[in-house]
Amino acid sequence: MATGIGRIGIIGGSGWLGAAFAQAFLEKGLVAPEALTLSNRTGSGPIAGVTWTSDNQALVERSDIVILSVRPEQFLDLSMAAGDRVLLSFMAGVTIETLRARTGARRIVRTMPNAAATIGACFTPWFATPEVGPDDKARVQALLEACGSAGELGSEDEIDYVSGFTGAGPALPALLARAMIQHATARGLPPALARQAALSVVTGAAQLLAEKDADPSAIMDALIGYRGITAALLETAMAGGFESLIGTALAAGEARAREMSARSAGSGGNGDA
Ligand SMILES: NC(=O)C1=CN([C@@H]2O[C@H](COP(=O)(O)OP(=O)(O)OC[C@H]3O[C@@H](n4cnc5c(N)ncnc54)[C@H](O)[C@@H]3O)[C@@H](O)[C@H]2O)C=CC1
Ligand SMILES: O=C(O)[C@@H]1CCC=N1
């Protein structure tokens, strides 16, 4: 409690995201080991010094903020009553209405981290119900910043959109890298060199976009200004519909998030348990 964050419980604490955030809370000194409870189905896991349990209700009783980090379909088999705790969900496609119906929580925060949480490079957008006050919002922001950065959204609707936009994390850059590797290899470059070259562009050169005040359009314009090779490459990609295809893909991600939300809705409740 030294930091004022309170006691934290993570349901699904040995999963990809659950473990990444648990490790980060401990490494950053945000949560003391004795204030951190993690659950999974076996009640044991690789993070030392914390409390492990398979009893999610016991985790809730030991926590001020409960993080739900199981898969959406696993949530439908999960039974717990949140009482007055802040409930912070990492789950895609599980709405506030469903979270409320199934856990009884009023103070709910939906978030959308991504796989880069494991390396502290995750931007996590979040949306909170009106019952979440300013102090709790500050705690949520601090917890999410343990794995990178975070920002509040204006509506729950936007969570479905960012589920593909940021939630997919490395997926679109991985597709770009794979396309470059495949092309270079087919062109005859040694596969290992093609891989090294493509990853250096996607993970190295792209770091220029992380510079303060970096503007993707300005970087493109500067390179197109040479009227040489990069101009030929970018103009061909744009004329071929690269940007509109990205838009179509993002819309498909949003549509899938909405389908998942509709499926999980009306799945019954145990919030008074
Ligand atoms: N992995 C990713 O890149 C992203 C994941 N998400 C969301 O985060 C959530 C977690 O995803 P991952 O960490 O990737 O999944 P994961 O499969 O790695 O972890 C889920 C964990 O929950 C545990 N679990 C299952 N049922 C349980 C129960 N009844 N009680 C306690 N623990 C239980 C499992 O043992 C496992 O450790 C998902 O809902 C997903 O939609 C959101 C954005 C990105
Ligand atoms: O693809 C998924 O369903 C998970 C949630 C958002 C990103 N990854």
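Which residues are around ligand 2? They are Ala 92, Ser 163, Gly 167 and Ala 168, where being near a molecule takes a C-beta atom, placed from the backbone, within 6 Å of it. This shell has two nonpolar, two polar and no charged residues; Ala counts as nonpolar, and Gly is among the polar ones.

Keep in mind that this is a predicted model, in which local features need pLDDT of at least 70, side-chain atom pairs count only at pLDDT 80 or more, and totals for chains, interfaces and linings use all residues. Residues are numbered from 1 along each chain as its sequence is written, while chains are lettered from A and ligands numbered from 1 in the order in which they are written.

Here is the protein chain as a whole.

| Property of the protein chain | Value |
|---|---|
| Secondary structure | eleven helices and eight strands |
| Buried share of the 273 residues | 33% |

Helices (H or I, at least four residues) and strands (E, at least two) are DSSP runs. A residue is buried if 20 or more other C-beta atoms lie within 10 Å of its own.

Now to the inside. Leaving aside neighbours within four places in sequence, Val 66 is in contact (C-beta atoms within 7 Å) with residues including Gly 9, Leu 59 and Leu 87.

Conventions: Two residues are in contact if their C-beta atoms, placed from the backbone, lie within 7 Å. A residue is buried if 20 or more other C-beta atoms lie within 10 Å of its own, exposed if 12 or fewer, and partly exposed in between; C-beta atoms are placed from the backbone.
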